[in-house]
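This briefing sets out the main features of one protein model, grouped by topic. Please read it alongside the sequence and coordinates shown here.

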Amino acid sequence: MRAARLIKMVLLLQSRPSMTAAELAAELEVSERTVTRDALALSEAGVPVYADRGRAGGYRLVGGYRTRLTGLARSEAEALFLSGVPGALREMGLDDAASAARLKVSAALLPSLRDAPVAVAQRFHLDAPGWYQEPETPGLLPAVAEAVWDDRLVRARYRRGDTEVERELAPYGLVLKAGVWYLCARAGTDFRVYRVDRFTAVALDGARFDRDAEFDLPAFWEERAAGFARSLLRARAVVRLTEAGARELPYVTDRAAAREALEAAGPPDRDGRVTVTLPVESEEVAYGQLLRLGAEAEVLEPAPLRELFARAAARMAELYR
């Protein structure tokens with residue numbers, strides 16, 4: 001533990017002109033007294049750490065000293081590719097590896113380029129969760145992530161409705177979708193998708209599995225996600241849309257279904273409206289979605305859905321009378 005901290009301290013000082021004891025203590029998550037002891041230990045080991053006294057003082061490396069301890073470990077190199085998703089790294093327990101990797105890269109850069117990581121971080125940021133929700137990190141996510149990284153088989157208990165099932169899984173990859181974690185895994189000979197927050201137990205076996213070299217996680221997820229979204233659209237609604245309603249339709253319902261419905265629609269009527277047959281999840285879901293279009297959409301069928309809109313319109317008219 002201390003050896004890793006000393007290495008991190010050297011890399012920090014190598015990547016910056018100087019740092020105060022308070023700054024080092026904050027980065028290393030130790031006390032300033034520990035920083036003083038570590039600096040003394042480095043100096044005794046031959047690392048030229050120099051302490052400037054006074055208000056503007058701090059620690060620095062003397063004489064352009066450069067450490068050779070900048071080679072990336074495998075876990076650090078892998079975590080570096082996820083460094084643009086800090087929340088995901090933290091939830092998977094990889095933030096320490098990513099921090100060490102970034103330090104090593106910064107230490108290896110020329111002095112004129114050392115502000116590049118900061119410049120990028122201040123200009124681009126990925127915020128994965130959707131609005132108006134506070135996603136909870138699944139408690140078993142770090143164990144699942146460890147199995148994914150190491151290609152290790154897991155025996156997992158999974159909540160399915162009111163029951164639990166036990167499966168032996170070969171975990172291939174993790175996907176973070178709108179704040180929800182999903183595991184893409186092989187169960188037997190089939191590839192399936194599991195919500196990580198529905199795992200009730202995960203035990204890592206000692207055995208490793210042979211990863212299928214042809215498995216493409218982004219392509220697999222895109223195919224399954226599209227199939228899942230399509231499987232939800234079990235009902236149909238016939239809707240008459242104004243030009244504005246047609247433009248807004250893909251933003252209030254399934255985009256692919258909306259595009260296909262609009263492409264299959266006939267020419268506009270004499271009022272400039274088009275009639276589309278739209279796949280929807282259910283009448284209740286369609287009501288909530290199409291209500292956002294207001295007077296730009298008129299539901300023609302099914303009759304129960306049209307009646308819902310008629311009652312809503314009557315209530316609105318009474319409210320604003």
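In which helix does Leu319 lie? Leu319 belongs to helix α13. The model is a predicted one, and its protein chain has 13 helices and ten strands.

**Overall composition**
- Of the 321 residues in the protein chain, 34% are buried.
- The accessible surface of the chain comes to about 20,000 Å², and carbon and sulfur atoms account for 52% of it.
- Among contacts with a separation of 6 or more, 61% are made by residues 24 or more positions apart.

**Nonpolar cores**
- The largest nonpolar core comprises 20 residues, and those with the most contacts inside it are Val239, Leu241, Leu249, Val276, Leu278, Leu290 and Leu293.
- At least two residues of this core come from each of β8 (235-241), α10 (243-252), α11 (255-264), β9 (274-280), α12 (283-290), β10 (297-301) and α13 (303-319).
- Strand β9 gives the most to this core, supplying four residues.
- Leu290 touches Val239, Leu249, Leu278, Val299 and Phe309, when residues up to four places away in sequence are not counted.
- Another core, of 19 residues, lies apart from the largest one and includes Val144, Ala145, Val154 and Tyr194.

**The loop between α10 and α11**
- Thr253 is located in the loop between α10 and α11.
- Thr253 counts as buried because its relative accessibility is 10%, under the 20% limit for that class.
- Leaving aside neighbours within four places in sequence, Thr253 is in contact with Ala258, Leu278 and Gln289.

**The hairpin of β5 and β6**
- Strand β5 (residues 180-187) pairs with strand β6 (residues 190-195) in the antiparallel sense, over six bridges.
- Within this pairing, Cys184 stands opposite Val193 in β6.
- The hairpin has two residues between its strands, and Gly188 takes a positive phi near 70 degrees.

**Surface patch**
- Met316, Leu319 and Tyr320 make a nonpolar surface patch of about 400 Å².
- With a relative accessible area of 61%, Leu319 is exposed.

**Salt bridges**
- The structure holds 16 salt bridges.
- Asp52 and Arg60 form one of them, with their closest N and O atoms 3.0 Å apart. Arg60 is partly exposed at a relative accessible area of 29%, and Asp52 is partly exposed at 29% relative accessibility.
- Asp269 and Arg240 meet through their side chains in a salt bridge (2.9 Å, N to O). Because Asp269 lies in the loop between α11 and β9 while Arg240 is in strand β8, this pair ties together parts that are 29 residues apart in sequence. Asp269 is partly exposed, with a relative accessible area of 30%, whereas Arg240 is buried at 17%.
- A further salt bridge joins the side chains of Arg247 and Glu243 (3.7 Å, N to O). The two residues are separated by about one helical turn, because they are four residues apart in helix α10. Arg247 is exposed, with a relative accessible area of 51%, and Glu243 is exposed as well, with 60%.

Definitions and conventions: Residues are numbered from 1 along each chain as its sequence is written. This is a predicted model: local features need pLDDT of at least 70, side-chain atom pairs count only at pLDDT 80 or more; totals for chains, interfaces and linings use all residues. Side-chain values use heavy atoms; hydrogens and water are left out. A nonpolar core is a set of buried Ala, Val, Leu, Ile, Met, Phe, Trp, Tyr and Cys residues joined through side-chain atoms within 4.5 Å. Buried means under 20% relative accessible area, exposed over 50%, partly exposed in between (1.4 Å probe, protein chains only). Contact means heavy atoms within 4.5 Å. Patches are made of residues with over 30% relative accessible area and no salt bridge: like charges are joined within 9 Å, nonpolar side chains (Val, Leu, Ile, Met, Phe, Trp, Tyr) within 5 Å. Accessible areas come from the Shrake-Rupley method with a 1.4 Å probe; for residues, only the protein chains shown count as cover. A salt bridge is a side-chain nitrogen of Lys or Arg within 4 Å of a carboxyl oxygen of Asp or Glu. Two strands pair if DSSP finds at least two bridges between them.
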